[in-house]
Amino acid sequence: MKPIELRRLDSAEPGFWALLDRLLRTDADIDETVERNVREIVSEVRRRGDAALMEFTERFDQRPLASAEELVVPPQQVRAAYENIDTIEREALMQSVRRVRAYHERQVQSSWSYRDEDGSVLGQEIRPLDRVGVYAPGGKAAYPSSVVMGAIPARVAGVGEIVLVVPAPRGELNPLVLAAAHLTEVDRVVSVGGAQAVAALAFGTESVPAVDKIVGPGNVYVTAAKRIVFGTVGIDMIAGPSEILVVCDGTTPPDWVAMDLFSQAEHDEEARAVLICPDDAYLGRVEKAINRLLPDMERAHIIRASLERCGAFIRVRDLEDAIEVANFVAPEHLELSVENPRRWLPSIRHAGAVFLGRYSSEVLGDYCAGPNHVLPTARTARFSSPLGVYDFQKRSSVIECSAEGAHRLGKIASVLARGERLTAHARSAEMRSEVSGSDPASERGPSAPRPRE
């Protein structure tokens, strides 16, 4: 097997930042052919419901269907999958669910209010979404972890109903995915995938109820469909290929770092794995480890393609320089494989998830550490956050003015409204201000609600 020679960058070289920017660029636009095909799928599912859903499932999943009822997985089949998996798999899933739930329970937000000086009550009501859809991939590989990461925060948030969609190529469903659905108390499992599943969740069919938000990773067709239906429903994010950036001081075992890079590169050929280190000799040792370990990897051809196409080694002056580069990259996953990693944590401004120290491999975050593994990619960590309970809650502002408040605020609103030439706005405020100004105490007292403690 031909050795891999990873792309090398040096932060001390002229033009480094331009080269790094070029490396990080992704094609943000969905291929025109893909988008055209996806728009047709979405339109057909919206128009014909289950009939279109069956047609696309038969075509793309090579799965003949007698009726749309076959798409809905019976609850007893979901439970049976959980009961029949190996004991060690069941225990691992249970531990993952327990840890992920414990982490997300700390994210729950509550309604609040306060009373201001004129007796008006102002606040915010926090409410869960009514129904959400969780997409779990099931093409090249099946991901029970995606079920856990999508369903648990929704359940913790108090979402009324959770619908899981998962493709079943040739009618086959992964037992671990169904077991995860059972453990996370998913309300309905529908064995459909691709753009047609997203369309069904967005608009509803006879077999799939319309949801308020769709979360979960998928291929380019799923991503294109989520873009198209956004606005009709909410979505978690437009996710790109997986990413890992390892900042190392040169003392972590090279095999550990090589395998950490593999862990993301094996997702697909467009995944990005980057190592930053001030020690050029150490970069060479990691490269040797990569070439020694690669032949034994089950997905070696994908790892090779990913590393050659999108991977890189970056030599920096020192760790301060490394942190500057890391912030520019704004990676999905950032490993600080250095001594005293907490020293550098306050300097990290942009990262989806930060793994501190040599023992904190990114893979633990994928499955069972606790935090969500649905993370911003393609440098969007500059302005977005991991999936969490807050993504399944919505906020409503609450304003209850006392008579005195209407009088005082009405004058302010009137001035500003007339400045914007919105006369009806101004008059609406003035009418209440005029009435309440004559008897500012008329609506105060016991009738005003007490604010929450």
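How many residues lie between β3 and β4 in the hairpin, and which residue in the turn has a positive phi? There are five residues between the two strands, and Gly-119 is the turn residue with a positive phi, of about 90 degrees. The model shown in these views is predicted.

View 1. Strand β3 covers residues 112-115 and strand β4 covers residues 121-128. Four bridges hold the pair, which is antiparallel. Trp-112 has Gln-124 of β4 opposite. Gly-119, with its phi of about 90 degrees, belongs to the turn of this hairpin.

View 2. Eight bridges connect β4 and β15 in the antiparallel sense. In this pairing, Val-121 has Glu-400 of β15 as its bridge partner.

**View 3. The six-stranded sheet and its β2 edge.** A further open sheet has six strands in the order β2-β7-β6-β5-β8-β9, with mixed pairing. Its edge strands are β2 (72-73) and β9 (234-235), each of which pairs on one side only. β2 runs antiparallel to β7 (residues 188-190), and two bridges join them. Val-73 is placed opposite Val-189 of β7.

**View 4. The largest nonpolar core.** In soluble globular proteins, nonpolar side chains tend to be buried together. The largest core in this model has 38 residues. Val-147, Ile-162, Leu-164, Val-186, Val-189 and Phe-392 have the most contacts inside this core. Two or more residues each come from α4 (75-84), α5 (87-105), β5 (131-135), α6 (144-157), β6 (161-165) and α7 (175-183). α6 gives the largest share, eight residues. A separate core has 32 residues, including Ala-52, Val-165, Ala-199 and Val-208.

**View 5. Surroundings of Val-186.** Which residues does Val-186 touch, not counting those up to four places away in sequence? The contacts are with Val-147, Ala-151, Arg-155, Ile-162, Leu-164 and Ala-181. Val-147, Ile-162 and Leu-164 are, with Val-186, among the residues that have the most contacts inside the largest core.

Notes
Residues numbered from 1 in each chain as written. Predicted model: local features only at pLDDT ≥ 70, side-chain atom pairs only at ≥ 80, totals over all residues. Heavy atoms only, no water. Pairing = 2+ DSSP bridges. Core = buried A, V, L, I, M, F, W, Y, C linked by side-chain atoms within 4.5 Å. Buried < 20%, exposed > 50% of the residue type's maximum accessible area, 1.4 Å probe, protein only. Contact = heavy atoms within 4.5 Å.
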